[in-house]
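User: I want to learn how to read cores and loops in a model. Can you walk me through one?

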Amino acid sequence: MTRTRRRRLLLVGMLLVGLGAAAALGLSAFRQNLLYFHQPSQIVAGQVPVNTRFRIGGLVQRGSVQRHGHDLTVRFAVADCDASVPVVFNGTLPDLFRAGQGIIAYGMLDKQGVFEADQVLAKHDSNYMSPDVAKALKTGQKTNCMPARMQAAR
Amino acid sequence: MSHSSAMRWLHRFGSLPYFYRVSRLWARCLALPGLAMAGYGVYAGLAIVPPDYQQGDVFRIIYIHVPSAWLSLFGYTAMAVAGVVILVWRLKIAEIFIIAAAPIGASFTFLTLVTGSIWGEPTWGTWWVWDARLTSELILLFLYLGVIALHQAIESPRIAARACALLSVVGVINIPIIHYSVVWWNTLHQGSTIRPLGGSTMETDMIIPLLIGALGFTLIFGWLTLWRMRAQLIWRERRSRWVTRMIHHER
């Protein structure tokens, strides 16, 4: 390798190292802002600022889904292992919405501590299997109160 | 391979008339198995594999979404490697590669975003969210378009190629961010299904057509890139003696 080429290679290498360091620093500084959602236990513990819109992520608590016949309003609770937050939503729910499903809701806490959502999204996992296999797996496996994919970084 | 024979191979590969001569056969060797495997992957995904326990038939779009996403990352990484070769060794064949691969990579990135959006609407309940995975993939599309635009904007092909090389090398920092975005941050997008180091979270009957399809799409990527490289090469070398001689020969 000639001297010029070695020098150029060194420059490119330094460019990559510098960029990598800059990106790592920048992203770790923005870490909090890149958080997509907060968990119910963080909200109950008061770690989430009030009077501001944010996302809550957790599982739809079993037996908590209530509908009122006359409109689309639905009430349910979003829970993790330690806490649950009541949510009210008026709109169309995604196909995957059901008790035990991981969801992310966007909205604001009201004064009574009820989360008023104006968007509810379903967060599914990265497991794909046929219904038969899923059924076979389900027997003999107890459901997790907060799967790893739904856990918010703190 | 010893150092000198590796260099000899590199020089031979870098020789444009040699590349032009052999690339036609290489492209054809990629095209047939590529089309067959991609065709099998898509067909099996649509018609053979069982529906997903949770998403039903909607998940079948994965057989286009995942190969496209893989190629969007693979294409840009390959361009960045070519970028280093351009910046350090000034190899013409690498210059031609970057320009040839960029529109194909951009197309696969676009396809990834579109199929992801179509998939997200019924399953998540939204066409688009600004989570880390989706946003970084959108930035990748802009990087591809930036390389294409930069090449269009600079008249001298060699200077244009150097600028594109620099952008490719700088932009490659986005590739690990896209890949690990689902690990580092809470995203709406789920984590990786295919894990080369074991523990893939997909039933065997479902994952085999997906892997075959992804390999097929990769071969198609290679085929199209080689074909575009040939066109780019003949245009850039149109005034050289070997191209003139070849054209006279063909008449």
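User: Which residues touch the most other members in the largest nonpolar core?

Analyst: First, the ground rules. This is a predicted model: local features need pLDDT of at least 70, side-chain atom pairs count only at pLDDT 80 or more, and totals for chains, interfaces and linings use all residues. Residues are numbered from 1 along each chain as its sequence is written, with chains lettered from A and ligands numbered from 1 in the order in which they are written.
In soluble globular proteins, nonpolar side chains tend to be buried together. A nonpolar core is a set of buried Ala, Val, Leu, Ile, Met, Phe, Trp, Tyr and Cys residues joined through C-beta atoms within 7 Å. Buried means 20 or more other C-beta atoms within 10 Å of a residue's own, exposed 12 or fewer, partly exposed in between; C-beta atoms are placed from the backbone.
Here the core has 58 residues, and Tyr76(B), Ile86(B), Phe97(B), Ile98(B) and Ala102(B) touch the most other members.

User: Which helix gives the largest share of this core?

Analyst: Helix 3 of chain B, with 16 residues. Helices are DSSP runs (H or I, at least four residues), numbered from the N terminus. Another core, of 28 residues, lies apart; Val60(A) and Ala117(A) are among its members.

User: What is the phi of Arg90(B)?

Analyst: Most residues other than glycine have a negative phi. Arg90(B) has a positive one, about 55°. Arg90(B) sits in the loop between helix 3 and helix 4 of chain B.

User: Why does Glu155(B) count as exposed?

Analyst: Because 7 other C-beta atoms lie within 10 Å. Glu155(B) is in the loop between helix 5 and helix 6 of chain B.

Terms used: Helices (H or I, at least four residues) and strands (E, at least two) are DSSP runs, numbered from the N terminus.
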